[in-house]
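Here's a friendly walk through a protein and its ligand. Take a look at the model first, and then we'll go through it together.

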Amino acid sequence: MSDASPSRRPRVLSGAQPTADSYHLGNYFGAFRQWAAMQDEFEAFYFIPDLHAITIDYDPALLRERTYIAAAQMLASGVDPDRSILFVQSQVPEHAQLAWVFNCLTGFGEASRMTQFKDKSAKNGAEKASVGLFTYPMLMAADILIYQADKVPVGEDQRQHVELTRNLAQRFNHRFGETFTVPEAHIVKETAKIYDLQDPTRKMSGSNASHAGVVDLADTPKQVAKKVRSAVTDSGSEIYFDREAKPGVSNLLTIYSAVTGKTVEEVVADYEGRQYGHLKVELGDLLADFVGGFSERAQGYLDDRAELDRIFATSAEKAREMTVPMLRTVYERSGFVLPG
Ligand code: TRP
C-alpha cells in the first residue's frame, strides 16, 4: 500500500472486549500499561471491540454502559486521545466489511481449528454457539490488517488468532497482489502476567467463576486489600520467585514489582527473613492505594459522557481516513465494481 512509506512510525494496534463491568489488574499490567507506553514510539490504534462482544449472549444496555466504562478505564491507564486513536469498533464500519472478504478466504476446517472457538463453543454446547463466534477471528484479522498494523500486543490466548491474521494477509497478497502488512504478535513477558489470587495457576480473568481472586480496577480500596490478604499462598514460608514451586507467592511478587516499579529481585531482597503475611498486608495496602487512585480517575472520565462521545467521534473520523481508502483498494482487487 502507498502508506508503507519509510518515514511513518510503526503502527501498534490492540483491543480489549467490553464484556465485564470493569477491567481487572491483569488487563492493566498485562495490556493497558504497555499500550500507554507505546504511544510515542508507535502510531497507536486502540479500540473497544463491541462487535466481538456480541458473539456471545449479552444485554444491549449493559454493552453500551460497558463500552463507556472500557473507554474511561483505558483513558485512566494513560491512553491519550491526542497521541492515539481510541475508538469504538462499530463506529468504523469498514472492519465488518473487510471481515466478509476474510470469511470467504478462510477454510471452514481452518476456522474450526481455532482453540478459543472450540473452548467457548464447548462451554455451552456447540449447537448454541453463534456463527459470529465462529467468524470472530476473521473479524479480528480485519481489525488488524485494515490499518496495516505492524505490532499487535495481545495475551497468549490470542496468539493463534494473530497467526491466522498473518496467514490471511499473505494469502490475500499472494492471490490479489501485495496489499497488507504482515503483523507480528507482541506477547507480554511472563513477569508481567498476573494470575488469579485464589488459583495462581490460571491467569486473572474477568470470566473466572469467582471474583475473589480477581482485582477489578473499579474495586474499592477495602475490597482490594481484602482480596490480596486472602490470596492463596504456598507451602513453606520463604519468599522467593518460583512459578512452579511457589505460584501464589510468585504472583504476589509479580504484582508487587509491577505496582512499585521495583524488580522482582529487589522485592525478594526486601522481604528476606519475613513472612507471607507481611507481603500480603503490605501489597494489599499498596494496591488499595493504586486502585483507589485509578478508579477515581476513571470515574472522572465516566462522568462526562459527552466528552467520551466526542473522543469516539474524532477518533472514528481519523480511523476512517485510513479504513475507507483501504477497503476501496481491497474491494477493487477483489473484483468488485467500485461505486463511481
Ligand atoms: N480478541 C481480542 C481479545 O479478546 C480482542 C480483539 C479484537 C483484538 N480485535 C482485536 C485484539 C485486534 C488485538 C487486535 O482479547
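What follows goes from the overall picture to one strand and then to the ligand.

A bit of housekeeping: this is a predicted model, so local features need pLDDT of at least 70 and side-chain atom pairs count only at pLDDT 80 or more, while totals for chains, interfaces and linings use all residues. Residues are numbered from 1 along each chain as its sequence is written, and side-chain values use heavy atoms, with hydrogens and water left out.

Let's begin with the whole thing. The protein's secondary structure comes to 13 helices and five strands; helices (H or I, at least four residues) and strands (E, at least two) are DSSP runs, numbered from the N terminus. Along the principal axes, the C-alpha atoms fill a box of roughly 75 × 45 × 40 Å. A compact globule of 340 residues would have a radius of gyration near 20 Å, and the protein's 21 Å agrees with that. That radius is taken over C-alpha atoms, and the globule rule is 2.2 Å times the number of residues to the power 0.38. Buried residues make up 48% of the 340, where buried means under 20% relative accessible area (1.4 Å probe, protein chains only).

Now zoom in on strand S3, residues 84–88. Five of its five residues are buried, so S3 is largely enclosed by the rest of the structure. In a regular strand, side chains alternate between the two faces of the sheet. Here, Ser84, Leu86 and Val88 point one way, while Ile85 and Phe87 point the other. S3 pairs with strand S2 (residues 43–48) in the parallel sense over five bridges; pairing takes at least two DSSP bridges between the strands. Across that pairing, Phe45 stands opposite Ile85.

What about the ligand? There are 14 residues around it, and Gln17, Tyr136, Met140, Asp143 and Gln158 come nearest; near means having a heavy atom within 4 Å. The shell divides into eight nonpolar residues, five polar and one charged. Strand S1 (11–15), helix H7 (131–145) and strand S4 (151–154) each supply at least two shell residues, and the largest share, four residues, comes from H7.

A polar side-chain atom of Gln17 lies 3.3 Å from an oxygen atom of the ligand. A ligand nitrogen is 2.7 Å from an N or O atom in the side chain of Asp143, and a ligand nitrogen is 3.0 Å from an N or O atom in the Gln158 side chain. The protein covers 90% of the 360 Å² of accessible area that the ligand has on its own (Shrake-Rupley method, 1.4 Å probe).

Methods. Buried means under 20% relative accessible area, exposed over 50%, partly exposed in between (1.4 Å probe, protein chains only). A polar contact is a pair of N or O atoms within 3.5 Å; within protein, one must be able to donate a hydrogen and the other to accept it, and residues adjacent in sequence count only if both atoms are side-chain atoms. Ala, Val, Leu, Ile, Met, Phe, Trp, Tyr, Cys and Pro count as nonpolar, Asp, Glu, Lys and Arg as charged, and the others, Gly among them, as polar.
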